[in-house]
Amino acid sequence: MEDSFTPTERAFTDLIASEDHIGLIRGWRDVIFHTLFVRKRHDLGLPVLLPIEDGRCFIASPDPVAARAAIKDFRFDEELDVFVKPVPLGELARNAFLLGAWLCWTGSNVIMNTSLMHLIGMKALKQEPSGQERLYQAKIHELQNPGGLVEIIKAQSWVISTVSGNSVTEVARENLIFDDRGLVVFGPGLGPKGGAKNRSDLSAEEQALFDWWAEPLYDYAALKEGGEGENGADENAKSVDTYVPVPAIVDEENLRSFYDLERAVHNQIMPDATKLQLEVIEDQVIPEVEEQDSDELLRVDGRRFRILFADHPEWSLPLGGDGLAMTDYTGEVWLPQEPGVHEVPEHLRLRLTRAIAWVLFWHGRDPGKPAHLVLGQFEGVKPFCPDNMNRLFVPDATDGRFPALACMPCGAQQVPVLVHGEVPEGYVCEVLEECRVPASDLPRGLVGRDSLLVNGSVPFVSMCAFLVVPVAAIEFPKDWYAGIRTSNTQLISDFEYYLAKQGLSDQAKLDVQGSKDPGGVAGVFWACAGFMAFIFLLMVLYGI
């Protein structure tokens, strides 16, 4: 950065308005922002993380006078010592993005949202010896090697692009980088391969960049230490391990890594049925069981279902699909009919816990990629009608072996399925990944085979998600249950994000007028007529 550069609000907003992302990274990543910090103990100082409606925000400015002036605008606990500390904007942005926070530029009309924090904190420019400038973009991961001596392996996925002027020209390469400092033991054949590298293989400049992104985040949990005894007791109560593993249809020797993940889901997401609620919503739905000689999909009176979380009211877990029609209710169906909030049966909690764990386990097979869950992901825990069997399948409340991850070989394709139970015709399966299988590659003896075909093949997931498959056509490949995968910590974090996103979506549907404006409380900080218009500009430009 040139010595004459002055970090003004106008200079920053001009880059925003012109969509000059490279200019923002090149010119602002190293700019010093004087940031409000608090210190609870002599050796602990952290940036102020101020709640803003559903979000949190750092308070900072490149002008130290403006930063100090902001101290008097807020009220702090008496035990906290408030001070101003200079921090590079890139460091603030990295922490803000990974902690889910924004940055408020005090004394100006600027608030930097999640997209800006990602741009400045998780991207960087480096020049090669040839003079060619490269743009590095990183994602942070924790991986697990279930058979190794080291439980957690740090890794980053990088996308490296060439830059010309202020534009990105093309992606040069993508790599998954393993942190091989210290002792990392890979099982046979599990070391870096393909586009993967070790940190030790990087250039010195790239290693420095890797290490910067790997730096520990601001530890706000430490501020809570030393609180009242009863709070500590509450935290200890929450951390009690009440998980008891239950056998599955997969060989027990292959379940070690899965049990670890299921334990995490049980303890952190679904620990106690008394802290869960089953909401029954009255709606118009398509019947699961179709009437004979009827080609029409008519909506009728029915019920939809979702799980609510007492400790996390912002979470929601829809039990996907189209719900159940009132005509689908039989003596076997254990779901309540009465609209409203009900207790969650213990067998439903256990089955849902196992379904969540298996879905996350499958998504975690590809280190470096976040778990991508979709609405309707957990339809299989409730009664449903397989696409090749026109009768209702009701999951057995007494059989804890299901669901389970398995493979349905279809020619050269190994189609992942979740087995939800067994009927006389075979296993009741849910296909986990979208694919198209030609008729000639379908399993032998598949019931209702022709009814599934669309132009000579079966479009799984998009048009056929649930089907009954002969037991002999289902396999359990040993390598599917072992090997390096995304860490439990990361998978649980991804799932919590999914629950929060579903909660926001449900709230918007149930109460449109109650939808919230992310910048609506900014007036608490700044009385500026143009402030909200500027926030809107940022969100439009960055797609928030």
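Here are some friendly notes to read alongside the structure above.

1. **What kind of model this is.** This is a predicted model, in which local features need pLDDT of at least 70, side-chain atom pairs count only at pLDDT 80 or more, and totals for chains, interfaces and linings use all residues. Residues are numbered from 1 along each chain as its sequence is written, and side-chain values use heavy atoms, with hydrogens and water left out.

2. **Confidence.** pLDDT is the predictor's confidence in each residue, from 0 to 100. The protein chain averages 83, and 82% of its residues score at least 70. Among the elements, strand E18 (residues 404-410) has the highest mean pLDDT, 97, while helix H12 (residues 531-542) has the lowest, 34. Over residues 513-544 the pLDDT is below 50, and this stretch has 47 contacts in the model beyond near neighbours in sequence; a contact means heavy atoms within 4.5 Å. Residues 226-238 also stay under 50, with 1 contact beyond four places in sequence.

3. **The chain as a whole.** You can find 12 helices and 24 strands here. Both are DSSP runs numbered from the N terminus, with helices being H or I of at least four residues and strands being E of at least two. Of the 544 residues in the protein chain, 48% are buried (buried means under 20% relative accessible area, exposed over 50%, and partly exposed in between, with a 1.4 Å probe and protein chains only). Among contacts with a separation of 6 or more, 67% join residues 24 or more positions apart.

4. **Helix H4.** In helix H4 (residues 89-99), 9 of the 11 residues are buried, among them Leu-89, Gly-90, Ala-93 and Leu-99. After H4 comes Gly-100, which has a positive phi near 75°.

5. **Helix H8 and Ser-257.** Helix H8 (residues 256-268) contains Ser-257. H8 has 13 residues and reaches 19 Å from its first C-alpha to its last, close to the 18 Å expected at 1.5 Å a residue; the expected span is 1.5 Å times one less than the number of residues. Is Ser-257 buried or exposed? Ser-257 counts as buried because its relative accessible area is 4%. Other buried residues of H8 include Phe-258, Leu-261 and Val-265. The C-alpha atoms of Ser-257 and Gln-144 are 9.2 Å apart in space, although the two residues are 113 apart in sequence.

6. **The loop with Glu-314.** Glu-314 sits in the loop between strand E14 (300-309) and strand E15 (316-318). Its relative accessibility is 42%, so Glu-314 counts as partly exposed. Leaving aside neighbours within four places in sequence, Glu-314 is in contact with Leu-499, Ala-500 and Gly-503.

7. On a 1 Å grid over the protein atoms alone, a pocket is an open set of points where a 1.4 Å probe fits, with protein on both sides within 12 Å along at least five of seven lines; lining residues have an atom within 4 Å of a point. Its lining has 39 residues, and Asp-387, Met-463, Cys-464, Ala-465 and Phe-466 lie nearest the centre. By class, there are 21 nonpolar, 9 polar and 9 charged residues (Ala, Val, Leu, Ile, Met, Phe, Trp, Tyr, Cys and Pro count as nonpolar, Asp, Glu, Lys and Arg as charged, and the others, Gly among them, as polar). The largest share of the lining, 3 residues, comes from helix H9.
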